[in-house]
Amino acid sequence: MRIRPVIVILALTTLIVSAGFFLTIANFPINTLPSSITIQDMSGRSVALSVPVNRAVILNSYWNEIASTLGVSDKIVGIDKYTISSIYIPKAVRERPVVGDLFGGVNLETILSLKPDVVIMDFGYGKSGDIIKSLESLGIPVICMYSNNFNDQINAIRLLGKIFGTEARAESLINFLEIRHSVLISTTSRIPANERPTVLLCRVEKDGLLTAYGNSTWGKIVEDVGGINIALRSFPSQSWPKINLETLLVWNPDIIIIVGYDDAALKSQLDLIMKSSVWGNLKAVKDSRVYTVLIGSRTEGAYLDWGPRMLIGEMKLAKMIQPKYFSDLNVDLVSDLLISTYYSK
Amino acid sequence: MPRLRKSVFLLLLLLPLPVFFLSLTIGSYQIPFDELLAILFQGIAPFLNSDSSQTQIYRDVIFMIRLPRILLALFGGIALSVSGASLQSVFKNPLVDSYILGLSAGAGLGAALAIAFLPNIIGLTQLFAFLFSFMAFMLTYFVARDRGQASTVSLVLAGVIVTALFSAALSMIKFFTVPEKLSSVVYWLMGSMAVSGWKEVLYSVPLILLSFLIITLMRWRLNVLSMGDEEAKSLGINVERDRLVVLLTTTLMVSSFVSVAGIIGWVGLVIPHLVRMLVRTPDNRIVIPISASLGGVFLLLADDVARSLTSYELPVGVITTIIGAPFFLYLLKKRGGGSWRQ
Amino acid sequence: METIVSVKDLSFSYGGSFKLSSITLNVEAGTVLALLGPNGCGKTTLLKCINALLKPEKGKVLIDGKNAHELKRWEIARLVGYVPQAHVPPFPYSTLDLVLMGRTAHLEFFQQPSNLDQQIAEQALRMVGLSHLGHRPYDQLSGGERQLALIARAIAQEPKLLLLDEPTAHLDFKNQFLVLDMVRRISRENGIGVIMSLHDPNQAIMFSDAVALMKNGSIFAVGPPHSVVTREKIETIYEISVRIVKHTDGSFIIPSMESFS
């Protein structure tokens, strides 16, 4: 061995790197959009966008669901992997190319090959920050979405309507939801403070701990329909506080609502919590006020989710928490109406 | 046994070049080959003209998506395999790799801390991963040090302790983390170069290059260090100092990569092993450069698979494990415990 | 004659009961000093003190007039070649690469061995008669060959002093003599001072110019073989009765069988 590998390696790497940089600088793309309006997205960014968009990649199932209810499912050209399992999204949308997800990351090249006018996605968790930055560096406009309460859902529908040029249908949907929501709110306002039960909306984790819904979209529904969200009151700044059984005993809520993505998940959660020694001593258990709620979009009858179906979730929770005040509420009727009007096609 | 032929050595050393260009052509975005050639070599061969309407987007795909990612995979592979080979020499044990010093646990903890408790600012997770992997290493080293000396056994033991400690802290954070963020932590630990761009390259490649240069210059010293502390001292080496230099350098190399791409396993274990078998000598003067070239090629190809097998992304760490672990098992079974031997 | 190493009133302790006390020794260029003594008497510890691997509590070691414990590792390695017992390293370097490691002390921090270093290593290998095995992995050599390769490595350091820790351990009958003869020849031909620890007094008689008898961490007697390796002294340090057998090649020591019955 008489050659000097160091020199060869150095020369090689220097060559590759400098070639890479040279070529990049020489070919640095300059992106301009021909004619566009400025949209304020839900993270407060101003995004230049030519509307209505014809090709959108949407990286969350609930935004895909809303876009579909607005009748623009044919404009969705790419989805995330969780959208596949939603039964509330048209099959055609669920068969669009999957570009990844916000946790594992997305395949930028696939997104680019779909030639989207816009990418719509949540922000603030997972790899969302990096994804937004990468997409923007490629000249693809990104609309950031998020939700912390019912109003955010309304804003999201309105925003998507604007982006897809279906403002009228968006307003109709908003109208449908807001009227019924305001009825809930006004009914609730008549409930005296001493008739408001304490409520724990939670999920039982595999380790036996409970994840409570506090300062979050669902957590706030509890207060909207006349309950006292004990997790929200105890930890006002936390979205999903984790609590143990001792805290549960201290809180001893009047009502416990356990959520799950499907019946099997609900059953295993119930089995787990009912085994604990604390269970029998809880007020909610003694009063038979333990309820289960299907969440998400995986099964028929799941209603607590982001998106239009949240209204049904609100109404169901209302009947659980304040059966007396909401006795005349016909949830199934509203549900059927919502589904038949906005989810049929 | 004849020494490795010069031509074979050069061939192995230059292998990254064709793989580099091959990788530029791979991806879910279809780019016609003539366009690709035109875009790549326009600068040096102006007659290759591309004037298709798609040229701008092709350029974006090549220069904004593929090139930074390819460079990151290439240098990541170099970092992981070269650090593996170096640490195997320093620890006199062909079965250690860069994660033995608590690096991965440190990087994991740092990233988890940033994801769980800090605002979602770009680069913060990386910075924390880097700082904590470095901290884990320093802790390992100072726990192992006794009267100014850190023996191999105490370093390995200290690495185990620090890893356990950091993993426990990581579990603690996972415990207090909300489910949504928890999955961010889990996915971060899986390792991926899915959304890496020039910024990630800029953060990591210069540091990797610098430490690779240092290790390359020390490759003869690594041979001597692998003979054991007393013998190395008798041969004129300041063992504590040289070993510290190697440890610091490899930590720098690995943590700067881990901090932008997460934890990608098996490269540091499999590649140096394979190289020693292939070149039929443990001589680091040959093993280090060839490990660099094959390590770069391996991670580059694995990442090519990760980004082009499906429309979405596969975690590259899973791919290296799926290839690496059985391959390593095969090496061990086929050649017995000392698989690099004749 | 030129004194290569002089150990002056050296004391060392690991912290336990064992210690080296007040060792004084001198070795001249081109001569071989054999250390004899029962197991645990401190031979290896003394060699490590001379090689500055261990720091003495008292006294000093002068190598070529310089205080060994004030030198840097590379400076010591240019003066002292250390030959450990033949072993199997974790990585099977080729024999030539192993010998080439002897050149490390002559390299800068970031330097790789040059062609000149390669030639010096080949020359050292030739000196011990192993040039034909240069490309063979070191772990495939026989025990004797391995010991010779380690000696070649020490020679490649171009030292003034060679330290050997029981160079005949684990070797067969023939190889023991081959190695010792090699050591003596190298010492004479290159003017290198040698200190080696041995188990067999007869080998000390045959191959050394001076013998130091050690017992319990101190020098019991030192001098030319014929005046030190005597019946009384051997009986005292090994606590066994022996006989002197005269032969045309000299006188040798064998244990007297009565002491075992």
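Predicted model: local features only at pLDDT ≥ 70, side-chain atom pairs only at ≥ 80, totals over all residues.
Figure 1. Among the contacts in chain A with a separation of 6 or more, 59% are between residues 24 or more positions apart. Chain A holds 14 helices and 14 strands. Its length is 345 residues, and 46% of them count as buried.

**Figure 2. The two domains of chain A.** Domain 1 of chain A covers residues 37–165, and domain 2 covers residues 190–342. A distance of 29 Å separates the C-alpha centres of domain 1 and domain 2 of chain A. Where the two domains of chain A meet, 15 residues of domain 1 are in contact with 14 residues of domain 2. On the domain 1 side, the elements that give two or more residues are α2 (61–69) and α6 (150–164) of chain A. Helix α2(A) provides the largest share of that side, 5 residues. Sorted by class, the side of domain 1 of chain A that touches domain 2 has 5 nonpolar, 8 polar and 2 charged residues.

**Figure 3. Overall form of chain C.** Chain C contains 9 helices and 12 strands. Its radius of gyration is 19 Å, close to the 18 Å that the globule rule gives for 261 residues, so chain C is as compact as a globular protein of that length. The C-alpha trace of chain C spans about 60 × 40 × 35 Å along its principal axes. Of the 261 residues of chain C, 47% count as buried. Taking the contacts in chain C between residues at least 6 apart in sequence, 66% join residues at least 24 apart.

**Figure 4. The contact between chain B and chain C.** Chain B gives 27 residues to this contact and chain C gives 25 residues. On the chain B side, two or more residues come from each of α10 (219–225) and α11 (229–234) of chain B. Helix α11(B) supplies the largest share of the side of chain B that touches chain C, with 4 residues. By class, that side of chain B is made up of 11 nonpolar, 8 polar and 8 charged residues.

**Figure 5. The largest nonpolar core.** This core has 287 residues. Which residues have the most contacts inside it? They are A:L160, C:A152 and C:V183. The largest share of the core, 20 residues, comes from helix α4 (residues 55–90) of chain B. Leaving aside residues up to four places away in sequence, C:A152 touches C:V99, C:A124, C:L125, C:M127, C:V128 and C:L130.

**Figure 6. Helix α13 of chain B and the residue that follows.** Helix α13(B) runs over residues 267–279, which makes 13 residues. From its first C-alpha to its last, α13(B) reaches 18 Å, close to the 18 Å expected at 1.5 Å a residue. Is α13(B) largely enclosed by the rest of the structure, or largely open? Of its 13 residues, 11 are buried, so α13(B) is largely enclosed by the rest of the structure. The buried residues of α13(B) are B:V267, B:G268, B:L269, B:V270, B:I271, B:P272, B:H273, B:L274, B:V275, B:R276 and B:V279. After α13(B) comes B:R280, with a positive phi near 55°.

Key
Residues numbered from 1 in each chain as written. Chains lettered and ligands numbered in written order. Buried ≥ 20, exposed ≤ 12 C-beta atoms within 10 Å, placed from the backbone. Contact = placed C-beta atoms within 7 Å. Rg over C-alpha atoms; globule rule 2.2 N^0.38 Å. Nonpolar A, V, L, I, M, F, W, Y, C, P; charged D, E, K, R; others polar. Core = buried A, V, L, I, M, F, W, Y, C linked by C-beta atoms within 7 Å. Domains from an automatic or database assignment. Expected span 1.5 Å × (residues − 1).
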